[in-house]
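Thank you for asking me to look over this model before it is passed on. My notes are meant for someone who is meeting the structure for the first time, and they can be read with the structure open alongside.

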Amino acid sequence: MSNEHHDLAIVGAGPAGMAAAVTAAELGLDTVVLDEQQAPGGQIYRNIEALERGGHIEKLGDDYRRGAELAGALRASTATYCPGSVVWQTSPDGRIGLTGPDGARMVHARRILLATGAMERPVPIPGWTLPGVMGVGAAQTLFKASDIVPNVPVVIAGSGPLIYLVALQLARAGCTIAALLVTTPASRIASALKELPRALLAGRNLLKGVGWVQEVRRLGIPLANGVSGLRIDGKDRAEGISYEADGSRHRLAAGLVLLHEGVIPDNQLSLSTRCQQIWDAAQLCWRPATDEWGATSEERIAIAGDGAGILGALAAENLGRLAALDTAFRLDCIDQAERDRRARPERAALARHKRIRPLLDRLFQPAAESLLPTDPDTIICRCEEVTVAQMREAVHLGGEDPNRAKIFTRCGMGPCQGRMCGPTVASLIAHETGRTMAAVGTYRIRVPVRPIPLMTLAGLIGEEEGLPPGESTL
Amino acid sequence: MFRRSHTPSAGVVIYVDGKPVHAAAEESVAAAMLVAGFTSFRASAVSAAPRAPHCMIGNCFECLVEINGQPDRQACLTIVSDGMHVRRQAEEPGP
Amino acid sequence: MSITDTDAIVIGGGLHGTSTAMHLALKGMRPIVIEKNSVGRHASGVNAGGVRQLLRDPAEIPLSMAAMDRWLDLESLLGRYAAMCEFVGHIGQVAVAETEADMRKLEARAAEIRALGWNHEELVDRQELRRLLPAVADHCIGGLVSRRDGQATPYLTSQAFRLRAIELGVRFVEGVRVTGLEHGTRWRVLTTDSIFTSEILINCGGAWAWQTASLVGETLPRGYFAATMMVTGRMPSFVDPVVIGTGRQLSFKQTSTGTVVIGGGILGIADLTKETADPVAERMRVSAETCSILFPIMRRATIVRAWAGLEARMPDQIPVIGPSQTAPNMWHAFGFSGHGFQLSTIVGSLLADLIVDGRSPLPLDAFRPSRFSEAISGVG
């Protein structure tokens with residue numbers, strides 16, 4: 001049986017993946033798009049085709065129309081779109097392991113583009129493991145993908161533009177928003193104003209954000225600014241949330257608490273493929289090192305979109321197309337001059353989208369308590385239930401890098417493989433040892449990055465082809 | 001904790017711990033269970049504390065359930081199908 | 001560049017390097033371990049964790065017996081860090097026979113070592129196999145068991161050895177590479193960080209040990225391989241002993257947390273230069289299938305992680321332990337060929353005896369480094 005081969009395999013069908021696929025296919029590359037979801041759109045434009053078909057895009061806002069256009073272009077292109085395809089391995093040699101609707105198989109690609117997007121930053125506060133505590137983005141996913149909304153009073157806590165947007169989307173859908181607790185400190189606003197002049201050049205986006213805040217006030221959603229000391233209580237599920245504001249402690253009853261402290265790159269595949277990572281001090285996250293075309297330290301692997309650093313959905317499109325152009329160049333479909341010529345409008349648009357970023361990064365920096373939890377009993381590893389105190393103890397046994405700390409505590413060894421504790425572990429170690437995040441480093445991530453049932457692996461389709469033997473007996 | 005904004009046009013029936021649950025076609029097992037009122041999906045591995053979906057996009061692994069006899073499936077990434085059997089994961093042996 | 005003087009330098013911070021340093025410290029020396037990555041990063045930390053006497057090369061049996069005595073009394077060796085290894089003994093390791101041919105192979109093996117005077121490997125019939133392994137598949141007809149055998153957690157064991165060694169005065173220098181070896185009156189070890197000097201030099205470099213040997217003009221086998229492990233999510237407890245296949249390649253054990261570790265002959269992709277070992281799904285497929293055949297309950301298992309470790313493999317599948325043939329006061333201990341974990345409680349001790357007292361209490365002749373050049377030149 002011969003293996004499945006492509007010129008380019010794209011992992012993810014958000015704005016970066018869709019735009020890259022359309023461009024790559026247009027340039028004549030045999031392109032396959034491997035998407036975990038059932039339909040194109042990624043998380044930002046989740047379920048966009050069905051929403052458009054049903055005439056429901058307006059419930060999300062006009063910006064989402066762009067997603068429908070991209071999905072339409074992807075469908076019209078010659079790229080092969082594979083929905084429901086969960087990628088669990090990308091190899092530096094271009095092999096990809098995935099589980100699709102028909103089981104597990106290996107796909108061979110001359111080049112791989114990771115367009116895995118972003119994930120919500122974990123917010124490790126007391127009580128965050130209780131049922132009824134979710135990400136703001138998680139609630140938005142339920143709303144976008146399934147038309148499901150909360151039917152209990154909701155408290156939204158954290159920072160970033162998304163908290164206002166989701167508060168509005170849910171309120172318009174008839175939900176009760178008990179409060180919007182904003183962790184952005186008042187002092188931050190003054191310091192972020194330095195970035196305002198450049199951000200104003202981004203025009204519409206900034207005004208949109210200001211509009212959301214005004215709308216929240218107009219709808220009478222209770223809003224508290226500069227809150228800290230968030231703590232969720234409840235026995236078997238969230239019952240309330242307490243916090244400090246204006247020098248005193250408050251408590252609100254809540255059946256559902258939605259947390260959000262911004263998004264970070266989903267770099268699990270790039271980590272497992274050993275793409276070099278760098279600590280981004282402005283965005284306070286790890287991201288894979290990429291050049292202006294999205295190329296990584298691994299010859300065959302490129303990354304586009306928020307998976308390489310948070311720049312948003314519109315920038316992701318430009319980055320996707322730039323990566324596709326470079327792929328076409330490297331595979332001899334176009335020459336360098338053509339690549340550079342076609343790249344020019346993408347770079348110009350990208351520069352525009354980037355203008356607002358320093359303001360957003362500064363203004364919506366995650367709350368200090370979510371980056372470095374101090375309460376000793378707070379769980380940092382949800383899977384193995386490792387607490388702040390246990391992690392501190394491990395650091396003093398010599399767990400001075402995340403991989404050794406993992407050994408002592410099992411932190412990061414559970415099913416999520418460090419997705420939810422990785423950033424916290426690194427920052428606790430950095431704090432305890434007085435070193436920088438860059439010096440502390442990240443977890444090594446093992447394949448499969450998503451679990452595979454044993455019997456699915458036993459039925460894997462794909463033969464060994466040109467692989468080194470795995471042993472040498474010289 | 002959740003309700004549907006609109007009644008879905010097409011639906012399927014899945015069974016959660018033997019109990020029939022009406023789900024919209026094409027939605028995730030996690031969405032169907034949440035809207036059906038399940039607040040706990042599994043017991044955590046160490047302390048057997050109740051857990052439920054947190055991220056809804058496949059990163060937190062809190063929604064692990066047994067689907068058609070296969071344990072540890074991510075309910076948020078699995079689409080419902082008619083007659084599917086889902087079992088919430090009870091306490092597993094701790095260390 | 002700064003110079004650090006000491007009496008013994010160990011190159012390689014795996015289990016055998018750490019254990020050797022620990023035992024030299026017990027004899028009053030102040031060893032320094034130089035490790036290019038971090039302690040236990042490769043084969044020592046990522047092996048299957050079986051503490052196995054079963055089916056050993058006859059030359060290794062005396063060592064393996066003594067090693068097991070020490071595993072069963074780990075506190076004497078590791079003090080307060082003993083529990084960290086998560087060692088469980090007396091659970092047995094079982095080679096399962098699926099066919100009459102398998103059974104005949106095991107019978108021949110049992111006869112072979114009985115003739116050598118050993119009786120720790122015991123044939124078991126269908127009924128006793130089911131008592132040992134209630135979850136084993138119906139078609140399995142018997143097996144061979146070593147009842148004292150056990151299991152431990154390799155990455156924790158490596159750390160327990162490291163912490164105990166530190167307590168005894170061993171110094172670890174991690175993330176530092178040896179770039180040159182010079183011998184005048186003493187050893188001068190040049191590294192990417194600084195210079196170290198010592199009386200004694202010990203090469204425990206695992207898959208990279210031949211490179212260290214080549215720095216002193218000594219040619220030793222360069223064989224290596226990437227052994228792959230897979231681990232499942234937590235499962236209900238269903239098997240106590242460690243299990244290995246007879247007609248098929250498999251090693252299989254359930255840990256105290258309920259996860260099942262599957263290994264035994266799955267090869268990854270090994271790269272000695274990049275120092276990486278990557279699992280290959282196309283090769284893991286067969287092991288997945290084998291597990292489900294031997295233990296039907298595994299049909300419900302989910303693979304959550306796979307990893308591979310780089311390990312030296314000698315042409316005769318037994319380690320190199322003994323003095324360098326080209327350099328004075330230099331010793332080798334490497335090449336454990338995928339079964340060095342259980343021996344880690346004894347080899348460092350024997351080597352320390354050999355270095356300090358001039359003789360080992362157990363026979364090491366079969367492991368002499370010179371055996372490869374003798375074979376080539378037709379001597380011995």
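1. A word on the kind of model comes before anything else. This is a predicted model, and the side-chain atom pairs mentioned below are counted only where pLDDT is 80 or more.

2. Chain A holds 18 helices and 24 strands. Its radius of gyration of 22 Å is close to the 23 Å that the globule rule gives for 474 residues, so chain A is as compact as a globular protein of that length. Along the principal axes, the C-alpha trace of chain A spans about 65 × 55 × 40 Å.

3. Chain C is built from eleven helices and 22 strands. With a radius of gyration of 21 Å, close to the 21 Å that the globule rule gives for 380 residues, chain C is likewise described as being as compact as a globular protein of that length. The box filled by the C-alpha atoms of chain C, taken along the principal axes, is roughly 65 × 45 × 40 Å.

4. The contact between chain C and chain A draws on 49 residues from chain C and 43 residues from chain A. Together the two chains bury about 3800 Å², with 54% of that area on carbon and sulfur atoms. On the side of chain C, the residues Glu282(C), Arg285(C) and Arg305(C) supply 19% of the area buried against chain A, more than any other three residues.

5. How many salt bridges are counted between chain C and chain A? The count is six, and one of the salt bridges between these chains joins Arg404(A) to Glu174(C), whose closest N and O atoms are 2.4 Å apart. Between chain C and chain A there are also 17 residue pairs in polar contact, with both residues at pLDDT 80 or more. The elements of chain C that give two or more residues to this side include α7 (154-167), β14 (224-232), α9 (281-294) and β20 (302-312). Of these, α9(C) provides the largest share, namely nine residues. Sorted by class, the side of chain C that touches chain A has 27 nonpolar, nine polar and 13 charged residues.

6. Strand pairing also crosses from chain C to chain A. Strand β24 (residues 471-472) of chain A and β14(C) run antiparallel and are joined by two bridges, and within β14(C) the bridge partner of Glu471(A) is Phe225(C).

7. The contact between chain B and chain A takes 34 residues from chain B and 44 residues from chain A. About 3500 Å² is buried between these two chains, 57% of it on carbon and sulfur atoms. In chain B, the residues that lose the most area to chain A are Met1(B), Arg3(B) and His54(B), which together make up 21% of what that side buries.

8. Across the interface of chain B and chain A the rule finds one salt bridge, in which the side chains of Glu62(B) and Arg382(A) meet at 2.6 Å, N to O. The same interface has 16 residue pairs in polar contact, both residues being at pLDDT 80 or more. The elements giving two or more residues to the side of chain B are β1 (2-4), α1 (29-35), β5 (50-51) and β7 (70-74). By class, that side has 18 nonpolar, ten polar and six charged residues.

9. Here, too, strands pair between chains. Strand β9 (residues 148-150) of chain A pairs with β1(B) in the antiparallel sense over three bridges, and Phe2(B) in β1(B) is the bridge partner of Pro150(A).

10. Within chain A, strand β18 (residues 277-280) and strand β19 (residues 285-288) run antiparallel and are joined by four bridges, with Ile278(A) standing opposite Arg287(A) in β19(A). The two strands form a hairpin with four residues between them, and Leu284(A) in the turn has a positive phi of about 55°.

11. Some other backbone details deserve a look. Most residues other than glycine have a negative phi, and most peptide bonds are trans. Val447(A) and Pro448(A) are joined by a cis peptide bond with omega about -10°, and Pro448(A) is placed in the loop between α17 (437-440) and β23 (452-453) of chain A. Asn68(B), although not a glycine, has a positive phi of about 45°, and lies in the loop between β6 (64-67) and β7 of chain B. Glu86(C) has a positive phi near 55°, and is found in the loop between α4 (74-78) and β5 (93-97) of chain C.

Key
Residues numbered from 1 in each chain as written. Chains lettered and ligands numbered in written order. Predicted model: local features only at pLDDT ≥ 70, side-chain atom pairs only at ≥ 80, totals over all residues. Heavy atoms only, no water. Contact = heavy atoms within 4.5 Å. Buried area = accessible area lost by both parts, 1.4 Å probe. Salt bridge = Lys/Arg side-chain N within 4 Å of Asp/Glu carboxyl O. Polar contact = N/O pair within 3.5 Å; in protein donor to acceptor, adjacent residues only side chain to side chain. Nonpolar A, V, L, I, M, F, W, Y, C, P; charged D, E, K, R; others polar. Pairing = 2+ DSSP bridges. Rg over C-alpha atoms; globule rule 2.2 N^0.38 Å.
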